[in-house]
Amino acid sequence: MKIEVQNVTKRFGGFTALDNVNLEVQSGELLALLGPSGCGKTTLLRILSGLEFADSGQVLFDGEDATSQSVRARRVGFVFQHYALFRHMTVFENIAFGLRVRRTGRPSRVGIRSRVEELLKLVRLESLAQRYPAQLSGGQRQRVALARALAVEPRVLLLDEPFGALDAKVRQELRRWLRRLHDEVQITSVFVTHDQEEALEVADRVVVMNRGRVEQIGPPDQVYHHPATPFVCDFLGNVNLFECEIKNGRAFVGGVPFDLAESPPESTRTALVYVRPHQLDVLHDPVGPNNLPATIKLINPAGPQVKLELTTDWGQIIHADLSQERYRSLQLQPATRVFLATKEMKVFHAA
Amino acid sequence: MKNQQQGRIARSIAERATTEPRWIRWGLIGVALAFLAVFVVLPLAVVFVAALQKGLYTYWESISDPMALAAIKLTFIAAGIAVPLNMVFGVAASWAIAKFDFPGKQVLTTLIDLPFSVSPVVSGLIFVLIFGLQGWFGPWLNDHDIKIIFAVPGIVLATIFVTFPFVARELIPLMQAQGTEEEEAALTLGAGGWQTFRRVTLPNIKWGLLYGVILCNARAMGEFGAVSVVSGHIRGLTNTMPLHIEILYNEYHSAAAFAVASLLALLALVTLALKSIVEWRVKQQLRGGRHTLVEEPTT
């Protein structure tokens, strides 16, 4: 089912949680709402579900106005951050709940049993049907919550920080599993996360939000490689920020001339240059433009890449990632003076 | 091996650092036990000893006296009406306070505690001032031949007033700790308001609710002050057990007074046992979740 969000605004007292948000969720896609805490992503998800209502604006389900429809009428599946499993019911009863409370078209006892068993199989928890939520691990609870939401055959699946309360290893496993499950079930899904890695790995498209506004919408590789705003660039992964002064059409970083990828418009005085750690190379001698002198402070060779921390002459801390081979061939030592070369960069001009 | 040994040494050092010398420990325990013996066990024992001092026959006669039976009956009637009403009120109030935000919520929370902070005598007088002959509705009630003060309705009203905080105060912290997520989950799964309450909220609060009801019942049966003011002490008609005991005692029937008192004391012991069982269940259900038990200020 296709969802459209049109000019939605929501305030809590003096705080604007959502500021004129527009968004389209395509039928069958898995969309991530990504942003820091307090950016409005959970509020938006709750407005989609009908647990919260917008102050102004519209929510359309398949072109039909659902703005004032109740939660029940919307038929959405909602997975809560802390699972919200019914603690006094077994796993089986939790999953069966949505079917049992149905007023019209309630399946028979046998029908309910076979549906629940089918879902238990889907989330691979057949053997735990008679357990209580308190007897399950975090990852198992999350899967029960998912099965419970899917039991009522919702038109949309909404997930609030689905992996937020799990430890790193389970998290990675479960998000790959969610991706596979989505490909299997093909239900329009929206999930909220503050973890950019999670959003980029799992989602078909990512909506980056900040302070109640949408900063950028696009496929993961697009938002990562072509960030539309400084915020998106900053939020998606580690990044070094250089503030450039523009003089006579040339950019200077701390007095060192810096060639920008695109020449700045006449009117600009400063530009913000974002360079990711892996887009920096380290040289012993300067070879061309954009070679910033810096001193190595720390070297951390543990991990797939060698992480360097350097300081510039004007005291700015810079992070650079080198491949293990490159690091070995350079034979770097702490306190060595080196030059940084930028392989790629992202420039935002300020008026 | 070495690690284990080091761990053991560290533990015993930590124990020594947080434990008092033996004489202080035994001293404290001794003081606590002596205090309990003098102020709790001794009076309780005295009640039963005094009740039986003139033999089992007198004991039986005292509690099977028609006046005593009427007092027992009235006590059960008052509690039987007050407790269910306060249960409904308590659930409704805590539901509203714990799950919703509305203007005046703070005021309502404070008002619920009012009967605890007001002296029971004043609570009784309030009803005399409203329904008594010289009160606001007195003349009208008199014209229509409805008796509230110095009659059973007054006793029931006073009991309700004095005991209404128990259930609410027990449930509010419990419901606040449990939050609204399970109810929201039920709604997204298509359950209606009543279904959500019956299938999700009620099972989650049942032990807390029972605990509140037990406390409420104990107070409803034992209440003296407020009931004394509105009762009028008409024997066989408006005397509850506590009032009946007082009258007997004032008339120097001390064996009879203690006999009836021993019934109240027995009720209290049963309540205490029930309370302990329920408390244990509440703890089990919450598994270390936040939960504060209400302490009642006694007057």
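Predicted model: local features only at pLDDT ≥ 70, side-chain atom pairs only at ≥ 80, totals over all residues.
## A buried helix

A residue counts as buried when its relative accessible area is under 20%. Among the buried residues are B:Phe166, B:Val167, B:Leu171, B:Ile172 and B:Met175. B:Glu170 and B:Gln178 are on the buried list too.

## Checking its length

Helix α10 of chain B covers residues 165–178. How far apart are its end C-alpha atoms? They are 20 Å apart. That agrees with expectation, because 14 residues at 1.5 Å a residue should span 20 Å. Just after α10(B) comes B:Gly179, with a positive phi of about 70°.

Interface size is often given as the accessible area lost when the parts come together. Here, chain B and chain A bury about 2,000 Å² between them. Carbon and sulfur atoms give 59% of that area. Chain B brings 18 residues to the contact, and chain A brings 24.

There are two salt bridges between the chains. One of them joins the side chains of B:Glu182 and A:Arg87, at 2.7 Å from N to O. Six residue pairs are in polar contact between chain B and chain A.

Which helix gives the largest share of the side of chain B that touches chain A? Both α11 (181–188) and α12 (193–222) of chain B supply at least two residues. The largest share, seven residues, comes from α11(B). By type, this side of chain B has seven nonpolar, six polar and five charged residues.

Terms used: Residues numbered from 1 in each chain as written. Chains lettered and ligands numbered in written order. Heavy atoms only, no water. Helix = DSSP H or I, 4+ residues; strand = E, 2+ residues; numbered from the N terminus. Expected span 1.5 Å × (residues − 1). Buried < 20%, exposed > 50% of the residue type's maximum accessible area, 1.4 Å probe, protein only. Contact = heavy atoms within 4.5 Å. Buried area = accessible area lost by both parts, 1.4 Å probe. Salt bridge = Lys/Arg side-chain N within 4 Å of Asp/Glu carboxyl O. Polar contact = N/O pair within 3.5 Å; in protein donor to acceptor, adjacent residues only side chain to side chain. Nonpolar A, V, L, I, M, F, W, Y, C, P; charged D, E, K, R; others polar.
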